[in-house]
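Me: I am new to this structure. Please walk me through a few of its features.

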Amino acid sequence: MDTWTADIWNDNEEECKRILNEPGNWEKVPFLFDENLALGTFVRFKGMIQDMLNPEYYSSNYKIVNSENDEFILHQAKYQSSTKNLQPGEEVIFGDTLMERQIVACIPIPGLNEWAEDEANTNKNAEVQLEENVNKRIRLDPVCQKHSKEIFIFVYPEDINISEFKLNQVVEVVGFLDQRSIQGDNGDLEEQSSIAKETHCIHAVQLKQLKNLIPVNEEMYKSIWDDASNIQSELKLVLTQALLGDSLAAEYLLLYLVSAIYNRQHNLVPGKFSLNIRGIPNGVGQNYTKHLYSLISYLVVKSEYIPIQIHTLNNMDLIPRKCYTSNRLLKGFLQLSDRTHLVLDETDLQPGNLDSKGLLNFEALKNIISNQQMKYDFTYYGMDYETEIPTLTLSIGKSLLPCDIDIVLKPDPSCSDIEETLNSVHCYLNSQLPLLDKLRKYIAIISTFPFVYKQDILNVIENDYVEMRKADAKNVTGDDLHRYMMISKLVALSSGKNEFDDEVWEITKSLENQRKLRNN
């Protein structure tokens, strides 16, 4: 495959496909940014679909003609944007048959944490990765938010059904490296002027969606499920220490980390789990929350952190926006792929006024938390796009943002030295790398296992809910029933159970009773 060219693929397509799809061969294709690769090289790239551009047309073939003797060589134009290097006395004649190819703009996966990156980062040891996670910060300058490694994927309809793909999906492409001038914006969000920029592109021969960025084989998948109860206990221990000895808050943080949306139907978003941990001790503020975020980013595949402050909301470009000058969708910070854990830090929020941009950003955050939707800005109208962004809000008092569940943090007095407490968590994880690997895989896949509700336990839940309504009709609503069902499913799956039983239901009621007592 190292010697493959577009011409070789065109002449031997079926054989090349057979070789590429043999077990292990796909992974041998070099990544685009791993090394300096020559144009025309067969490469691989993982990224998120950020925009879908208008299709373009190209001549299906062209001839290179020797003007001295009129001899010519016929070339296929598929999988390439430029003609062969011409020699003196040669000219190009393009064919009359036009073909269509679609253009997809991809960017490196937003929020992808260091430990989860591809082979380029596998040589980094755990301490280096953790230090990089501590230093991971949001980019306040709008210009710095623009990804420098934008890649354009040319998709050929006869090879790939582009209708199967949509914005914000994570994909992996293999194809031939090329370079093109593509019309783009100049990064000035006020002037919206348009410039042509030279950028890498890949002529795709195959494109696939990546639902799980951590490779987990069947044996590991089964191992995680069989050992789920023990892994859950270990994760609770880590999270309890990170939450300053609060085991109840750790239970809810664990459920937040493993939660996932399922069976989405219109405005119903079952599985949505937004959590507000409030009561962060005065005086520790962002020093603590940034270290807590660092730990979370060390465990989950993708995450982002936003300090909720007046100047941040007034200046950040959170919402994707259409630029009609360049005919491009400009990326917003909240244009994220599914299951990117978003941590919102309110601990340094000071009084102030939001301007019109700040209000729109604030509403965008509320919409994601409440409805898992975001309205992209198309200037003359807004268009709703579905999201799956689990949101954790950290605050001193009750958050200004909505949430599905909130819990007051109750630190253990023995954890008064916050820095020492968090350092001990880091040291523990660094000394238990096989366990760390299990924790990461567990968080990534535990919610994907099948789950069933048996009729007998549903009858128990129904009876209990009726009794709750009788006891407190004013405060017990259908939302409470939904929350209990959601928590029950996560409690079951996180402990390695794929069906609802009495024990799970009792644990759920106990957790909720403890939380409500504490919050009151």
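Reply: Start with charges over rings. A charge sits over a ring if NZ of Lys or CZ of Arg is within 6 Å of the ring centre and within 35 degrees of the ring normal. Here Arg44 lies over the face of Phe31, 3.9 Å from the ring centre. Lys489 lies over the face of Tyr262, at 3.4 Å from the ring centre. Note that this is a predicted model: local features need pLDDT of at least 70, side-chain atom pairs count only at pLDDT 80 or more, and totals for chains, interfaces and linings use all residues. Residues are numbered from 1 along each chain as its sequence is written, and side-chain values use heavy atoms, with hydrogens and water left out.

Me: How many aromatic pairs are there by the rule?

Reply: A pair of aromatic rings is described by the distance of the centres and the angle of the planes. Rings of Phe, Tyr and Trp (its six-membered ring) pair if their centres lie within 6.5 Å; planes under 30 degrees apart are stacked, over 60 edge-to-face, the rest tilted. The count comes to 20 aromatic pairs. Among them, Tyr79 and Tyr156 are edge-to-face, with 5.0 Å between centres and 70 degrees between planes.

Me: Where do Tyr79 and Tyr156 lie?

Reply: Strands (E, at least two residues) are DSSP runs, numbered from the N terminus. Tyr79 is in the loop between strand S3 (72-76) and strand S4 (90-94), and Tyr156 is in the loop between strand S6 (151-155) and strand S7 (170-185), so the pair ties together parts 77 residues apart in sequence. Both Tyr79 and Tyr156 are buried. Buried means under 20% relative accessible area, exposed over 50%, partly exposed in between (1.4 Å probe, protein chains only). Tyr79 and Tyr156 also belong to one aromatic cluster with Trp4, Trp9, Phe42, Tyr58 and Phe176.

Me: Is the pair of Tyr376 and Tyr385 stacked or edge-to-face?

Reply: Stacked: 4.2 Å centre to centre, 25 degrees between the planes. Tyr376 is buried at 1% relative accessibility, while Tyr385 is partly exposed at 21%.

Me: How many disulfides does the structure hold?

Reply: A disulfide is a covalent bond between the sulfur atoms of two cysteines. The test is a pair of cysteine sulfur atoms within 2.5 Å. The structure holds 0 disulfides. For Cys106, the nearest cysteine sulfur, that of Cys201, is 12 Å away. Cys106 is buried, at 2% relative accessibility.

Technical notes
Helix = DSSP H or I, 4+ residues; strand = E, 2+ residues; numbered from the N terminus.
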